[in-house]
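Thank you for making time this morning.

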Amino acid sequence: MSNSSNSTSATGANPSTRKDGAILQFQGGGDYAAMEAQIIKAMREQGTSRCRITITRAYEYGSALPASSIRILQLQPATEINDPLCCRIIETKLASAPAYKALSYVWGSDVKPCKITCDGGKTLPITTNLDAALRNLRSENDELLLWADSVCINQKDVDEVNTQVRMMGDIYRNASCVAIWLGDWEDYGNWNVEKAFNYLTFLLKDMPFFEEVRDAQGPISFGDGARLKVHMIAQQHEADFGEFEKLFRRPWFSRAWTYQESAVAKEEFYCGPVKIPGIAIQTVVDRVLTIYKATGNNMYSSFYDTRIQSMFFHGFYQMGYDWKELDDLLNLRSGGGSSKPSDIVYSLIGVSTDYWRSVIHPDYRKPFQEVYAETMIEIIRKRGNLNILSAIHLTARYQKSPELPSWTPDWRQYHEPCFRLTHSGTKSGDFRTFAASGSSKPKAALNLDPLQLTLHGVVLDTISDKATQPSLVGHWRWVTENLLTGVLPKTYKFTGEPIDEVLIKVTSNDMTQDKKRFDSASISALHKEIEDYGSAYALPPWRPTDPYHILDMSKLLNLRPGLTAPSRSKTLYLGDKTSTGIVITEFHSGYPDAYLMMTHRGIIGTISSVAEPGDVIMVPVGGQVPIVLRPVGDKFTFQGESYCHGFMDGEAFIEARRKVDKTFDGDDVSWLERLHEESILFPMDEFVLV
């Protein structure tokens with residue numbers, strides 16, 4: 001018998017026929033009695049008395065790695081791409097490890113048809129993509145010290161995997177360089193490599209700097225004439241852009257783990273035999289965004305995908321995120337590909353602050369639903385509010401997975417924006433701050449069932465009616481019907497405001513363009529704007545039965561920035577503002593899937609598309625805004641946030657206190673600002689969310 005690293009690894013063997021006898025291949029360490037039986041059977045079937053047997057030995061990891069230790073591949077040199085892969089695997093303390101590169105790549109299929117020979121003849125199965133990466137990265141003359149997760153971690157030892165995943169950020173951070181493998185040229189079929197790299201060269205070398213000004217905290221701006229120059233020069237190279245873009249469609253850019261792996265160290269990209277410095281990739285992304293900003297051509301818009309931008313620090317700064325806070329990172333990186341859903345969370349721990357590393361510990365024995373639920377609780381505790389609930393994507397077009405509790409986001413999915421009044425994380429500065437529960441802090445806790453969340457708060461009311469659609473026509477019909485039937489009064493009883501002013505505030509969630517509340521000055525300016533437009537365009541009187549007339553008017557009545565939010569809203573004026581006339585803001589573009597609604601008590605507001613009549617609106621302790629819950633037996637499911645006019649600044653808590661304290665007149669509301677440090681003076685209802 002002979003040992004050979006070129007044989008196929010198998011516990012059993014399929015004999016092949018040759019003139020000199022049967023050939024069988026086995027992996028050492030198996031059942032030798034079974035091998036003998038297979039040998040005899042094969043010789044009989046082949047009608048031969050001769051048999052050549054090859055036995056390979058599998059690499060065995062042995063005991064688990066000690067704490068703070070890692071394994072490193074010593075990849076042997078080779079002069080030809082098809083030479084066998086050979087290495088030694090060494091153990092070392094991370095803190096004293098020799099200089100090594102860390103490999104960032106996509107595993108691809110779990111099938112491992114290739115192999116690498118380790119420590120003098122022992123074979124280790126590897127994936128096709130890792131095989132290609134190692135062949136292209138190894139040197140012709142020198143050993144390459146490399147860390148690659150699927151080989152350097154014993155994937156069959158869950159305890160070792162948990163420990164090594166906690167160290168992953170430090171492993172990449174301590175590497176001399178992160179080698180990013182994008183794949184072979186042939187991986188994507190009919191790819192015109194020449195055109196792709198022609199465009200890359202244009203961006204790096206031929207594109208002038210155009211007096212471009214970039215503020216690290218703000219958007220791109222241009223000097224006089226620069227926009228035209230960018231447009232003219234970019235147009236000359238448009239034919240090559242499609243092939244260049246394919247480079248950024250490679251799976252590496254959308255996988256979960258690759259963000260952390262590239263964010264913590266100097267990087268270099270490999271595509272087939274070509275090496276591209278990391279700074280070059282960042283530069284070309286910057287310059288494509290510059291071209292998009294200058295030309296407005298949607299062919300470049302794919303580079304505004306946060307999963308691409310977030311790979312490079314400029315994306316964080318421009319979008320206002322803090323790249324070390326876990327909730328910000330989850331907002332940016334949701335939808336990252338991974339065969340294990342828990343990796344969406346675990347892959348970001350290594351680049352988060354020490355706080356997140358101290359409270360979230362990778363454990364692949366837990367179902368991913370528990371991991372998501374526990375992460376939600378930790379974010380609520382860290383932020384001191386319930387704004388993370390706004391990350392739950394609720395639209396009519398998207399059906400949330402029944403695998404998850406209603407109160408946890410599905411971070412496996414990448415979503416377009418949806419209706420939300422708050423925003424968890426640093427970017428919350430982009431939203432007006434409400435205080436529906438004063439300054440109280442959430443008392444959220446997991447039940448004995450780790451997929452149930454207990455909240456406390458006060459019930460505001462139950463939804464009685466909802467607009468039929470979130471568009472301008474849907475809002476107009478709903479308001480018109482309720483005005484004509486007298487359901488909408490001329491004066492809103494909860495605030496004493498005229499109904500036209502209430503509807504202005506409701507349809508914009510009471511937020512002007514500069515994220516402030518509407519006041520009498522902004523309302524007067526709004527009315528003046530409408531009058532000016534009406535005079536300029538000689539608008540006919542309002543015809544309440546003709547929705548097409550309303551749409552025509554909406555095309556003309558676009559408010560100046562600063563009067564309403566968001567800037568893409570369209571506002572139209574219906575009737576005489578001194579009587580029952582109203583102003584409706586179409587906020588579908590800025591608040592997609594938001595619906596007008598009314599409660600049984602007459603509260604007017606907005607809700608998500610999935611909320612329905614019969615759902616309960618409550619103000620939770622620690623919640624900046626009311627939330628909508630749907631009764632399911634004695635428990636509830638989360639149905640989104642809600643804007644309830646007149647109840648966004650503690651009024652629900654004032655009502656609750658009045659019910660139990662007859663001496664409280666409601667004039668002194670300063671106690672609302674002390675609820676984060678004082679006890680709540682009235683009973684709370686308990687809500688268990690599933």
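This is a predicted model: local features need pLDDT of at least 70, side-chain atom pairs count only at pLDDT 80 or more; totals for chains, interfaces and linings use all residues.

Helix α12, which covers residues 326–333, packs against helix α15, residues 368–383, at an angle of about 130°, and their axes are 10 Å apart. Angles over 145 degrees would count as roughly antiparallel and those from 65 to 115 as roughly perpendicular, so α12 and α15 are described as oblique to each other. On the α12 side the contact is made by Leu326, Asp327, Asp328 and Leu330, while α15 contributes Thr375, Ile379 and Arg383.

From there I would like to move to the interior. In soluble globular proteins, nonpolar side chains tend to be buried together. Here the largest nonpolar core has 120 residues, and those with the most contacts inside it are Tyr100, Leu103, Phe244 and Phe248. Which element gives this core its largest share? That is α9, from which 9 residues come. Helix α9 itself runs over residues 278–295, and its 18 residues reach 26 Å from the first C-alpha to the last, close to the 26 Å expected at 1.5 Å a residue. The helix is mostly covered, with 13 of its 18 residues buried, and just after α9 comes glycine 296, which takes a positive phi of about 70°.

Returning to leucine 103, if we leave aside the neighbours within four places in sequence, its contacts include Leu130, Leu137, Trp147, Tyr172 and Trp181. Apart from this core lies another, of 43 residues, among them Leu421, Leu483, Ile617 and Ile680.

My last stop is serine 104, whose place is in strand β7, residues 101–104. Is serine 104 buried or exposed? Its relative accessibility is 0%, and therefore serine 104 counts as buried. Again leaving aside neighbours within four places in sequence, serine 104 is in contact with several residues, including Tyr172, Val178, Trp181, Trp252 and Thr258. Finally, the side chains of serine 104 and glutamate 261 are joined by a polar contact of 2.6 Å.

Key. Residues are numbered from 1 along each chain as its sequence is written. Side-chain values use heavy atoms; hydrogens and water are left out. Helices (H or I, at least four residues) and strands (E, at least two) are DSSP runs, numbered from the N terminus. The expected span of a helix is 1.5 Å times one less than its number of residues. Buried means under 20% relative accessible area, exposed over 50%, partly exposed in between (1.4 Å probe, protein chains only). Contact means heavy atoms within 4.5 Å. A polar contact is a pair of N or O atoms within 3.5 Å; within protein, one must be able to donate a hydrogen and the other to accept it, and residues adjacent in sequence count only if both atoms are side-chain atoms. A nonpolar core is a set of buried Ala, Val, Leu, Ile, Met, Phe, Trp, Tyr and Cys residues joined through side-chain atoms within 4.5 Å. Axes are lines fitted to C-alpha atoms, for helices over the stretch in contact, and angles run from 0 to 180 degrees between N-to-C directions. Angles under 35 degrees count as roughly parallel, over 145 as roughly antiparallel, 65 to 115 as roughly perpendicular and the rest as oblique.
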